[in-house]
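Work through the exercises below with the structure open. Try each task before reading its solution.

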Amino acid sequence: MTPPGLGWNSGVCEPRPRLCPGEHGVVGEWCSPDGKLTPMSEQPPAQPQADRASSDPVARVVAAARNDPAAVLVATDFDGVLSPIVDDPDQAYADPEAVAALGALGQLVGQVAIVTGRPVAAARRLGGLDQAPGLGNLVVLGQYGVERWDAASGELVMPPEPVEISRARNEIADLLARLDLAEVWVEDKGRALGLHTRRTADPDGAFERLRGPVTELAERLGLHLEPGRMVWELRAAGQDKGRAIAELVEATGARVVVYAGDDLGDIPAFRTVAELREQGRIEALLLWSRSEEQAALADICDVACDGVPGVAQVWRHIADELETHSH
Ligand SMILES: O=P(O)(O)OC[C@H]1O[C@H](O[C@H]2O[C@H](CO)[C@@H](O)[C@H](O)[C@H]2O)[C@H](O)[C@@H](O)[C@@H]1O
(Lines give C-alpha, C1' and ligand atoms only; values in the text may rest on other atoms or scores of the structure.)
Protein backbone atom coordinates (compact mmCIF):
# COMPACT_ATOMS: atom_id res chain seq x y z
CA MET A 1 0.00 0.00 0.00
CA THR A 2 1.09 3.55 -0.57
CA PRO A 3 1.89 5.04 2.86
CA PRO A 4 -0.42 7.90 3.92
CA GLY A 5 1.02 11.19 2.74
CA LEU A 6 3.05 9.60 -0.01
CA GLY A 7 0.27 9.20 -2.53
CA TRP A 8 -0.04 10.96 -5.87
CA ASN A 9 -1.81 13.88 -4.19
CA SER A 10 0.82 14.55 -1.55
CA GLY A 11 2.25 17.55 -3.38
CA VAL A 12 4.49 15.64 -5.78
CA CYS A 13 1.58 15.66 -8.20
CA GLU A 14 -1.29 18.03 -8.32
CA PRO A 15 -4.72 17.29 -9.78
CA ARG A 16 -6.11 19.96 -12.06
CA PRO A 17 -9.77 20.80 -12.56
CA ARG A 18 -10.94 19.02 -15.70
CA LEU A 19 -10.61 21.09 -18.83
CA CYS A 20 -13.30 20.76 -21.41
CA PRO A 21 -12.94 21.32 -25.12
CA GLY A 22 -14.36 24.69 -25.96
CA GLU A 23 -15.99 25.54 -29.26
CA HIS A 24 -14.19 24.09 -32.29
CA GLY A 25 -12.38 21.64 -30.04
CA VAL A 26 -10.15 24.30 -28.50
CA VAL A 27 -9.23 23.35 -24.96
CA GLY A 28 -9.73 26.44 -22.89
CA GLU A 29 -12.53 26.34 -20.37
CA TRP A 30 -12.94 24.99 -16.88
CA CYS A 31 -15.64 22.40 -16.55
CA SER A 32 -17.78 22.43 -13.41
CA PRO A 33 -19.86 19.45 -12.19
CA ASP A 34 -23.10 20.99 -13.52
CA GLY A 35 -21.57 21.20 -16.99
CA LYS A 36 -21.11 24.98 -16.87
CA LEU A 37 -18.08 26.20 -18.78
CA THR A 38 -15.98 29.02 -17.36
CA PRO A 39 -13.31 30.83 -19.41
CA MET A 40 -9.82 29.97 -18.25
CA SER A 41 -9.15 33.67 -17.72
CA GLU A 42 -11.44 33.36 -14.66
CA GLN A 43 -10.91 31.33 -11.51
CA PRO A 44 -11.82 27.63 -11.82
CA PRO A 45 -15.25 26.95 -10.33
CA ALA A 46 -15.33 25.69 -6.74
CA GLN A 47 -16.60 22.14 -6.50
CA PRO A 48 -19.14 21.16 -3.86
CA GLN A 49 -17.68 18.86 -1.18
CA ALA A 50 -19.89 15.95 -2.20
CA ASP A 51 -18.52 16.03 -5.76
CA ARG A 52 -14.84 16.12 -4.86
CA ALA A 53 -14.27 12.37 -4.98
CA SER A 54 -15.85 11.97 -8.41
CA SER A 55 -13.98 14.97 -9.82
CA ASP A 56 -10.67 13.51 -8.70
CA PRO A 57 -9.29 12.19 -11.99
CA VAL A 58 -7.16 9.50 -10.36
CA ALA A 59 -10.07 8.21 -8.24
CA ARG A 60 -12.27 8.09 -11.35
CA VAL A 61 -9.81 6.02 -13.29
CA VAL A 62 -9.16 3.70 -10.34
CA ALA A 63 -12.90 3.08 -10.01
CA ALA A 64 -13.20 2.30 -13.73
CA ALA A 65 -10.09 0.08 -13.69
CA ARG A 66 -11.40 -1.90 -10.72
CA ASN A 67 -14.48 -2.84 -12.71
CA ASP A 68 -12.46 -4.41 -15.50
CA PRO A 69 -8.65 -4.44 -15.07
CA ALA A 70 -8.22 -6.44 -18.27
CA ALA A 71 -9.64 -3.50 -20.24
CA VAL A 72 -7.00 -1.09 -18.92
CA LEU A 73 -4.21 0.24 -21.14
CA VAL A 74 -1.32 1.99 -19.39
CA ALA A 75 0.79 3.84 -21.95
CA THR A 76 3.81 6.04 -21.48
CA ASP A 77 6.43 8.04 -23.23
CA PHE A 78 10.06 7.01 -22.54
CA ASP A 79 12.39 10.05 -22.25
CA GLY A 80 11.33 12.44 -19.51
CA VAL A 81 8.75 10.02 -18.07
CA LEU A 82 10.39 6.63 -17.61
CA SER A 83 13.91 8.03 -17.79
CA PRO A 84 15.07 11.40 -16.47
CA ILE A 85 16.37 13.87 -19.06
CA VAL A 86 20.18 13.73 -19.22
CA ASP A 87 22.77 15.35 -21.47
CA ASP A 88 23.70 12.23 -23.41
CA PRO A 89 20.75 10.40 -25.01
CA ASP A 90 22.82 7.21 -25.17
CA GLN A 91 22.99 7.21 -21.37
CA ALA A 92 19.32 7.95 -20.66
CA TYR A 93 18.64 4.83 -18.60
CA ALA A 94 15.17 4.32 -17.21
CA ASP A 95 14.65 5.06 -13.55
CA PRO A 96 14.45 1.70 -11.70
CA GLU A 97 11.56 2.83 -9.49
CA ALA A 98 9.58 4.05 -12.50
CA VAL A 99 10.08 0.72 -14.29
CA ALA A 100 9.17 -1.15 -11.10
CA ALA A 101 5.98 0.91 -10.66
CA LEU A 102 5.02 0.33 -14.29
CA GLY A 103 5.69 -3.38 -13.81
CA ALA A 104 3.55 -3.45 -10.65
CA LEU A 105 0.72 -2.00 -12.69
CA GLY A 106 1.53 -4.25 -15.66
CA GLN A 107 0.80 -7.35 -13.58
CA LEU A 108 -2.69 -6.08 -12.89
CA VAL A 109 -3.91 -4.61 -16.17
CA GLY A 110 -4.51 -5.88 -19.67
CA GLN A 111 -1.89 -3.95 -21.63
CA VAL A 112 1.16 -1.77 -21.02
CA ALA A 113 2.72 0.27 -23.84
CA ILE A 114 5.70 2.54 -24.32
CA VAL A 115 5.02 5.02 -27.11
CA THR A 116 8.29 6.72 -27.92
CA GLY A 117 10.35 8.63 -30.44
CA ARG A 118 13.16 6.18 -29.71
CA PRO A 119 13.84 3.17 -31.88
CA VAL A 120 12.48 0.01 -30.24
CA ALA A 121 16.03 -1.30 -29.73
CA ALA A 122 17.11 1.83 -27.82
CA ALA A 123 14.04 1.76 -25.56
CA ARG A 124 14.60 -1.94 -24.80
CA ARG A 125 18.26 -1.36 -23.97
CA LEU A 126 17.87 1.82 -21.90
CA GLY A 127 14.79 0.52 -20.12
CA GLY A 128 16.09 -2.98 -19.41
CA LEU A 129 12.67 -3.95 -20.73
CA ASP A 130 13.39 -7.54 -21.70
CA GLN A 131 14.11 -8.44 -18.07
CA ALA A 132 11.75 -6.09 -16.24
CA PRO A 133 9.37 -7.90 -13.87
CA GLY A 134 5.68 -7.40 -14.56
CA LEU A 135 6.12 -6.23 -18.15
CA GLY A 136 5.27 -9.44 -19.97
CA ASN A 137 2.28 -7.69 -21.56
CA LEU A 138 4.32 -4.73 -22.83
CA VAL A 139 4.35 -3.44 -26.38
CA VAL A 140 6.91 -0.84 -27.42
CA LEU A 141 5.76 1.43 -30.23
CA GLY A 142 9.05 2.92 -31.40
CA GLN A 143 9.75 5.90 -33.67
CA TYR A 144 6.26 7.30 -32.98
CA GLY A 145 4.60 3.96 -33.69
CA VAL A 146 6.35 2.94 -36.90
CA GLU A 147 8.29 0.16 -35.15
CA ARG A 148 6.62 -2.33 -32.84
CA TRP A 149 7.89 -4.92 -30.40
CA ASP A 150 5.56 -7.23 -28.51
CA ALA A 151 7.17 -8.64 -25.36
CA ALA A 152 4.65 -11.48 -25.08
CA SER A 153 5.17 -12.91 -28.58
CA GLY A 154 8.62 -11.48 -29.29
CA GLU A 155 7.28 -10.18 -32.61
CA LEU A 156 9.24 -7.24 -34.01
CA VAL A 157 7.83 -5.07 -36.79
CA MET A 158 10.41 -2.89 -38.57
CA PRO A 159 9.29 -1.37 -41.90
CA PRO A 160 11.96 -0.26 -44.39
CA GLU A 161 13.68 3.04 -43.76
CA PRO A 162 12.33 5.98 -45.80
CA VAL A 163 14.51 7.12 -48.66
CA GLU A 164 13.95 10.79 -47.74
CA ILE A 165 15.93 10.20 -44.55
CA SER A 166 19.00 9.07 -46.53
CA ARG A 167 18.71 12.30 -48.53
CA ALA A 168 18.52 14.37 -45.33
CA ARG A 169 21.45 12.42 -43.87
CA ASN A 170 23.57 13.43 -46.87
CA GLU A 171 22.88 17.11 -46.23
CA ILE A 172 23.09 17.41 -42.46
CA ALA A 173 26.86 17.68 -41.98
CA ASP A 174 27.09 20.49 -44.55
CA LEU A 175 24.11 22.28 -43.06
CA LEU A 176 25.62 22.21 -39.56
CA ALA A 177 29.03 23.34 -40.85
CA ARG A 178 27.41 26.23 -42.75
CA LEU A 179 25.68 27.39 -39.57
CA ASP A 180 28.87 26.95 -37.54
CA LEU A 181 26.96 24.39 -35.44
CA ALA A 182 29.20 21.36 -35.78
CA GLU A 183 28.82 20.78 -32.02
CA VAL A 184 25.17 19.79 -32.54
CA TRP A 185 24.96 16.03 -32.00
CA VAL A 186 23.19 14.07 -34.72
CA GLU A 187 21.30 11.05 -33.46
CA ASP A 188 20.86 8.73 -36.43
CA LYS A 189 17.85 6.55 -35.73
CA GLY A 190 17.79 4.95 -39.15
CA ARG A 191 14.27 6.09 -40.02
CA ALA A 192 14.73 9.50 -38.35
CA LEU A 193 17.46 12.02 -37.50
CA GLY A 194 17.62 13.95 -34.24
CA LEU A 195 19.64 17.17 -34.10
CA HIS A 196 20.45 17.68 -30.41
CA THR A 197 21.55 21.05 -29.05
CA ARG A 198 21.62 20.19 -25.32
CA ARG A 199 25.39 19.67 -25.26
CA THR A 200 26.25 22.82 -27.24
CA ALA A 201 27.57 25.95 -25.54
CA ASP A 202 24.21 27.70 -26.08
CA PRO A 203 21.45 25.04 -26.33
CA ASP A 204 18.53 27.47 -26.74
CA GLY A 205 20.42 29.67 -29.19
CA ALA A 206 21.52 26.71 -31.29
CA PHE A 207 17.95 25.34 -31.27
CA GLU A 208 16.62 28.66 -32.61
CA ARG A 209 19.35 29.00 -35.23
CA LEU A 210 18.42 25.57 -36.56
CA ARG A 211 14.69 26.35 -36.80
CA GLY A 212 14.65 28.00 -40.24
CA PRO A 213 17.18 25.75 -42.00
CA VAL A 214 15.66 22.47 -40.74
CA THR A 215 12.16 23.70 -41.59
CA GLU A 216 13.35 24.39 -45.14
CA LEU A 217 15.06 20.99 -45.34
CA ALA A 218 11.99 19.14 -44.05
CA GLU A 219 9.66 20.94 -46.46
CA ARG A 220 11.94 20.37 -49.43
CA LEU A 221 12.33 16.64 -48.74
CA GLY A 222 8.73 16.06 -47.64
CA LEU A 223 9.70 15.08 -44.09
CA HIS A 224 7.91 15.77 -40.84
CA LEU A 225 9.78 18.10 -38.49
CA GLU A 226 9.22 17.37 -34.80
CA PRO A 227 10.54 19.85 -32.23
CA GLY A 228 11.40 18.32 -28.87
CA ARG A 229 13.38 19.10 -25.75
CA MET A 230 16.55 20.64 -27.20
CA VAL A 231 16.14 18.52 -30.32
CA TRP A 232 14.80 18.84 -33.85
CA GLU A 233 13.72 15.52 -35.30
CA LEU A 234 13.31 14.80 -39.00
CA ARG A 235 11.16 11.79 -39.79
CA ALA A 236 8.71 10.52 -42.36
CA ALA A 237 5.30 12.18 -42.40
CA GLY A 238 2.07 10.32 -41.68
CA GLN A 239 2.62 8.87 -38.23
CA ASP A 240 2.42 10.34 -34.75
CA LYS A 241 1.70 9.22 -31.21
CA GLY A 242 -1.99 10.09 -31.57
CA ARG A 243 -2.38 7.61 -34.36
CA ALA A 244 -0.28 5.06 -32.49
CA ILE A 245 -2.42 5.25 -29.35
CA ALA A 246 -5.69 5.25 -31.33
CA GLU A 247 -4.65 2.05 -33.11
CA LEU A 248 -3.65 0.46 -29.82
CA VAL A 249 -6.95 1.34 -28.14
CA GLU A 250 -8.77 -0.12 -31.13
CA ALA A 251 -6.65 -3.30 -31.22
CA THR A 252 -6.85 -3.99 -27.48
CA GLY A 253 -10.44 -2.83 -26.94
CA ALA A 254 -9.21 -0.76 -23.98
CA ARG A 255 -11.91 1.08 -22.09
CA VAL A 256 -9.62 2.74 -19.55
CA VAL A 257 -6.46 4.53 -20.68
CA VAL A 258 -3.70 6.02 -18.53
CA TYR A 259 -1.21 7.99 -20.63
CA ALA A 260 1.92 9.80 -19.39
CA GLY A 261 4.04 12.21 -21.40
CA ASP A 262 6.29 15.25 -21.13
CA ASP A 263 7.00 16.69 -24.56
CA LEU A 264 5.46 18.17 -27.70
CA GLY A 265 5.49 14.79 -29.43
CA ASP A 266 3.02 13.56 -26.79
CA ILE A 267 0.40 16.19 -27.60
CA PRO A 268 -1.29 14.16 -30.38
CA ALA A 269 -1.60 11.23 -27.95
CA PHE A 270 -3.05 13.46 -25.22
CA ARG A 271 -5.54 14.91 -27.71
CA THR A 272 -6.58 11.50 -29.02
CA VAL A 273 -7.11 10.11 -25.52
CA ALA A 274 -9.00 13.26 -24.47
CA GLU A 275 -11.24 13.00 -27.56
CA LEU A 276 -12.05 9.34 -26.90
CA ARG A 277 -12.97 10.31 -23.36
CA GLU A 278 -15.15 13.19 -24.53
CA GLN A 279 -16.94 10.75 -26.85
CA GLY A 280 -17.64 8.55 -23.82
CA ARG A 281 -15.70 5.64 -25.30
CA ILE A 282 -13.10 5.41 -22.54
CA GLU A 283 -12.31 6.62 -19.05
CA ALA A 284 -8.86 8.17 -19.04
CA LEU A 285 -6.12 9.79 -17.02
CA LEU A 286 -3.57 12.11 -18.63
CA LEU A 287 -0.37 12.53 -16.65
CA TRP A 288 2.10 15.28 -17.41
CA SER A 289 5.67 14.70 -16.27
CA ARG A 290 6.20 18.36 -15.50
CA SER A 291 9.40 20.24 -16.35
CA GLU A 292 10.31 23.89 -16.63
CA GLU A 293 11.74 23.13 -20.04
CA GLN A 294 8.44 22.08 -21.66
CA ALA A 295 5.10 23.30 -20.34
CA ALA A 296 2.95 22.60 -23.41
CA LEU A 297 1.06 19.76 -21.73
CA ALA A 298 -0.02 21.90 -18.78
CA ASP A 299 -3.39 22.76 -20.32
CA ILE A 300 -4.39 19.29 -21.45
CA CYS A 301 -3.23 17.09 -18.60
CA ASP A 302 -5.38 15.89 -15.70
CA VAL A 303 -2.51 15.67 -13.25
CA ALA A 304 0.76 17.59 -13.27
CA CYS A 305 3.39 15.30 -11.78
CA ASP A 306 6.80 16.26 -10.53
CA GLY A 307 8.85 14.58 -13.23
CA VAL A 308 9.75 10.89 -13.36
CA PRO A 309 9.25 10.18 -9.60
CA GLY A 310 5.87 11.94 -9.64
CA VAL A 311 4.51 9.81 -12.49
CA ALA A 312 5.89 6.66 -10.82
CA GLN A 313 3.98 7.59 -7.67
CA VAL A 314 0.69 7.76 -9.55
CA TRP A 315 1.33 4.38 -11.20
CA ARG A 316 2.25 2.88 -7.82
CA HIS A 317 -0.88 4.35 -6.25
CA ILE A 318 -3.14 2.90 -8.94
CA ALA A 319 -1.41 -0.49 -8.66
CA ASP A 320 -1.86 -0.44 -4.88
CA GLU A 321 -5.52 0.43 -5.24
CA LEU A 322 -6.12 -2.35 -7.78
CA GLU A 323 -4.18 -4.89 -5.76
CA THR A 324 -6.06 -4.06 -2.57
CA HIS A 325 -9.31 -4.52 -4.41
CA SER A 326 -8.30 -7.89 -5.86
CA HIS A 327 -7.72 -9.48 -2.41
O1 LIG B 1 9.13 10.08 -27.21
P2 LIG B 1 10.20 10.10 -26.17
O3 LIG B 1 10.38 8.78 -25.51
O4 LIG B 1 10.03 11.21 -25.18
O5 LIG B 1 11.55 10.43 -26.96
C6 LIG B 1 11.75 11.75 -27.48
C7 LIG B 1 13.22 11.93 -27.81
O8 LIG B 1 13.93 11.72 -26.58
C9 LIG B 1 15.34 11.68 -26.60
O10 LIG B 1 15.84 12.99 -26.48
C11 LIG B 1 15.48 13.61 -25.25
O12 LIG B 1 16.08 12.90 -24.16
C13 LIG B 1 17.52 12.94 -24.10
C14 LIG B 1 17.99 12.07 -22.95
O15 LIG B 1 17.47 12.50 -21.73
C16 LIG B 1 17.99 14.38 -23.97
O17 LIG B 1 19.41 14.46 -23.95
C18 LIG B 1 17.45 15.20 -25.17
O19 LIG B 1 17.78 16.56 -24.99
C20 LIG B 1 15.93 15.05 -25.24
O21 LIG B 1 15.42 15.68 -26.41
C22 LIG B 1 15.90 10.91 -27.75
O23 LIG B 1 17.28 11.14 -27.90
C24 LIG B 1 15.15 11.08 -29.05
O25 LIG B 1 15.57 10.12 -30.00
C26 LIG B 1 13.67 10.91 -28.81
O27 LIG B 1 12.95 11.02 -30.01
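**Exercise 1.** Which residues of helix α2 (residues 57-67) are buried?

Solution. Some ground rules come first. This is a predicted model: local features need pLDDT of at least 70, side-chain atom pairs count only at pLDDT 80 or more, and totals for chains, interfaces and linings use all residues. Residues are numbered from 1 along each chain as its sequence is written.

Step 1: find the helix. Helices (H or I, at least four residues) and strands (E, at least two) are DSSP runs, numbered from the N terminus.

Step 2: apply the burial test. A residue is buried if 20 or more other C-beta atoms lie within 10 Å of its own, exposed if 12 or fewer, and partly exposed in between, with C-beta atoms placed from the backbone. Pro57, Val58, Val61, Val62 and Ala65 are buried.

Step 3: look down the axis of α2. The buried residues fall within an arc of 130 degrees, so they line one face of the helix. The arc is that of the directions from the helix axis to the C-beta atoms.

**Exercise 2.** Describe the hairpin of β12 and β13.

Solution. Step 1: check the pairing. Two strands pair if DSSP finds at least two bridges between them. Here six bridges join β12 (residues 223-228) to β13 (residues 231-236), and the strands run antiparallel.

Step 1: pick out opposite residues. Leucine 225 faces leucine 234. Glycine 228 stands opposite valine 231.

Step 2: inspect the turn. Two residues lie between the strands, and methionine 230 has a positive phi near 60 degrees.

**Exercise 3.** How do the residues of the shell around the ligand divide?

Solution. Seven are nonpolar, seven polar and ten charged. Ala, Val, Leu, Ile, Met, Phe, Trp, Tyr, Cys and Pro count as nonpolar, Asp, Glu, Lys and Arg as charged, and the others, Gly among them, as polar.
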